[in-house]
Amino acid sequence: KIVDDVTKCILCGACSSSCPSSWYNPDYLGPNALIKAFRFIADTRDDGATERIAIVNDRDGAWRCHTIFNCVEACPKEINITDAIASLKKIILYNKI
């Protein structure tokens, strides 16, 4: 249930192209990559969560998101991307899903 929303992603890239953090920082992973990481990290069947968390726990990872919500407005599948990235930050901080 936790990953239901983000599994609707069709990889169109509208979220990343609408993100000011992506415009100004080419090293930023971007909302598209972050929701894909969240999708697997939050899935209890995946064994790579620790490795994925290490990748997104970076200044150019989840912490570069400034919660502007352009990605949510641009998403044709109406995925709450900002919420997923916020959940990813909570997982990083508290090591809980």
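Predicted model: local features only at pLDDT ≥ 70, side-chain atom pairs only at ≥ 80, totals over all residues.
Visitor: What makes up the secondary structure of the protein?
Guide: There are 6 helices and 0 strands. From the N terminus on, the order is α-α-α-α-α-α. Helices (H or I, at least four residues) and strands (E, at least two) are DSSP runs, numbered from the N terminus.

Visitor: How do you know whether the radius of gyration agrees with that of a compact globule?
Guide: The radius is taken over C-alpha atoms, and the globule rule is 2.2 Å times the number of residues to the power 0.38. For 97 residues the rule gives a value near 13 Å; the protein has 12 Å, so the two agree. The C-alpha atoms fill a box of roughly 30 × 25 × 20 Å along the principal axes.

Visitor: Why is Ser 18 called buried?
Guide: Buried means under 20% relative accessible area, exposed over 50%, and partly exposed in between (1.4 Å probe, protein chains only). Ser 18 has 13%, so it is buried. Its place is the loop between α1 (14-17) and α2 (20-24). Leaving out residues up to four places away in sequence, Ser 18 touches Trp 23, Asn 70, Cys 71 and Ala 74. Contact means heavy atoms within 4.5 Å. Across the protein, buried residues make up 44% of the 97.

Visitor: Is Asp 60 buried or exposed, and what makes it so?
Guide: Its relative accessibility is 17%, so Asp 60 counts as buried. Asp 60 is found in the loop between α4 and α5. Neighbours within four places aside, Asp 60 contacts Asn 25, Asp 27, Tyr 28 and Leu 29. Asp 60 and Asn 25 are 35 residues apart in sequence and 8.2 Å apart in space, C-alpha to C-alpha.

Visitor: Which class does Phe 69 fall in, and why?
Guide: Phe 69 has 39% relative accessibility, so it counts as partly exposed. Phe 69 also lies in the loop between α4 and α5. Its phi is positive, about 75°, although Phe 69 is not a glycine.

Visitor: What makes Ile 10 and Leu 11 exposed or buried?
Guide: Ile 10 has a relative accessible area of 51%, so it is exposed. Leu 11 has 56%, so it is exposed as well. Not counting residues up to four places away, Ile 10 touches Pro 76 and Lys 77. Leu 11 has a positive phi near 60° and is not a glycine.

Visitor: How do you know that the buried residues of α4 line one face?
Guide: In α4 (residues 49-56), Ala 49, Ile 53 and Val 56 are buried. Seen down the axis, they fall within an arc of 70°, so they line one face of the helix. The arc is that of the directions from the helix axis to the C-beta atoms. An α-helix has 3.6 residues a turn, so residues three or four places apart point the same way. The face turned away from the buried side carries the exposed residues Thr 50, Glu 51, Ala 54 and Ile 55. What covers the buried residues includes α3 (30-41) and α6 (81-94).

Visitor: How do you know whether the span of α6 agrees with its number of residues?
Guide: The expected span is 1.5 Å times one less than the number of residues. For the 14 residues of α6 that should be 20 Å; the end C-alpha atoms are 20 Å apart, so the span agrees. Buried residues of α6 include Ile 81, Ile 85, Leu 88 and Ile 92. The buried residues of α6 pack against α1, α3, α4 and α5 (70-74). Just after α6, Asn 95 takes a positive phi of about 55°.

Visitor: How many aromatic pairs are there, and what is the geometry called?
Guide: A search of the whole structure finds 1. The rings of Trp 23 and Tyr 24 have centres 6.3 Å apart and planes at 70°, so the pair is edge-to-face. Rings of Phe, Tyr and Trp (its six-membered ring) pair if their centres lie within 6.5 Å; planes under 30 degrees apart count as stacked, over 60 as edge-to-face and the rest as tilted. Tyr 24 has 70% relative accessibility, so it counts as exposed.

Note on methods: Residues numbered from 1 in each chain as written. Heavy atoms only, no water.
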